[in-house]
Amino acid sequence: MIIVIIIVVILLIGIFFYNSLIAKKNQVTNAFSAIDVMLKKRFDLIPNLVEVVKQYTTYEQGTLTKIVELRAKAISGNVNNAEKAELDAQLSSSIKGLMVNVENYPDLKANTNFINLQTTWTESEEQIAAARRTYNSSVTDYNNSIMMFPGSLFAGILNFQPIAVLETAAEERKNISAKELFNN
């Protein structure tokens, strides 16, 4: 009778840890889909932004073409999450460069549509940053669960693998030089 009770207790503990790991893994998936929704919103802004900028600039065609190509790749559906994150980083970098170059076009800076798009873009960036923080928090919670004892025992048996957190690109970690910004 005691052996049956021990087996039942071990089974209940196993079920508890399994359900806990599944819940945390689903939380990570949910957090990533929140990032995906924010990226989609931002990708939808790009055609409007490109059209408004096109009306005022003739020298930024290379940048605009690159932005359109990156957006097309990102929304094609043929990229995995890591590739999507890389495309997003490249797109963010290109848009930031474009926003800096807008300083050279006073008429564009004064355009109401551009100002509204720029404001919406900034809000989207802030929402994406918040979604990334939530994702990284969920990943950390999940990774702690599968790496710490006794969860590591069950995670090993059930083949749960650690998930990488989203990291900031090395390019974005550099200090911004105001001198370089105004010399371009």
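Trainee: Does aspartate 88 count as buried or exposed?
Mentor: Aspartate 88 counts as buried, because its relative accessibility is 1%, and buried means under 20%. Please keep in mind that this is a predicted model.

Trainee: Which residue forms a salt bridge with aspartate 88?
Mentor: Arginine 132 does, and the closest N and O atoms of the two are 2.1 Å apart. The pair links distant parts of the chain, since arginine 132 lies in helix H5 and aspartate 88 in helix H3, 44 residues apart.

Trainee: And what is the relative accessible area of arginine 132?
Mentor: That value is 29%, so arginine 132 is partly exposed.

Trainee: Which residues are linked with Asp88 and Arg132 in a network of salt bridges?
Mentor: Arg42 and Glu125 join Asp88 and Arg132 in that network. In total, the structure holds seven salt bridges.

Trainee: Why can such side chains pair?
Mentor: Side chains of opposite charge can pair when their charged atoms come close.

Trainee: Let us turn to the helices. At what angle do H3 and H5 pack?
Mentor: Helix H3, residues 81-101, and helix H5, residues 112-147, pack at an angle of about 145 degrees. Their axes are 13 Å apart, and H3 passes H5 in a left-handed crossing.

Trainee: Which residues meet there?
Mentor: From H3, the residues are Asp88, Ser92, Ile95 and Met99. They meet Phe114, Gln118, Trp121, Glu125 and Arg132 in H5. By class, this contact has four nonpolar, two polar and three charged residues.

Trainee: Back to salt bridges: which side chain does lysine 84 meet?
Mentor: Lysine 84 meets the side chain of aspartate 36, with an N to O distance of 2.9 Å.

Trainee: How do lysine 84 and aspartate 36 stand in terms of accessibility?
Mentor: Lysine 84 counts as buried at 14% relative accessibility, whereas aspartate 36 is partly exposed, with a relative accessible area of 27%.

Trainee: Which helix holds both aspartate 44 and lysine 40?
Mentor: Both lie in helix H1, four residues apart, which is about one turn of the helix. Aspartate 44 forms a salt bridge with lysine 40, and their closest N and O atoms are 3.0 Å apart.

Trainee: Are those two buried or partly exposed?
Mentor: Aspartate 44 is partly exposed, with a relative accessible area of 37%. Lysine 40 counts as partly exposed as well, at 47% relative accessibility.

Key
Residues numbered from 1 in each chain as written. Predicted model: local features only at pLDDT ≥ 70, side-chain atom pairs only at ≥ 80, totals over all residues. Heavy atoms only, no water. Axes fitted to C-alpha atoms, helices over the stretch in contact; angles between N-to-C directions. Helix = DSSP H or I, 4+ residues; strand = E, 2+ residues; numbered from the N terminus. Left-handed = near helix turned anticlockwise from the far one by under 90°. Contact = heavy atoms within 4.5 Å. Nonpolar A, V, L, I, M, F, W, Y, C, P; charged D, E, K, R; others polar. Salt bridge = Lys/Arg side-chain N within 4 Å of Asp/Glu carboxyl O. Buried < 20%, exposed > 50% of the residue type's maximum accessible area, 1.4 Å probe, protein only.
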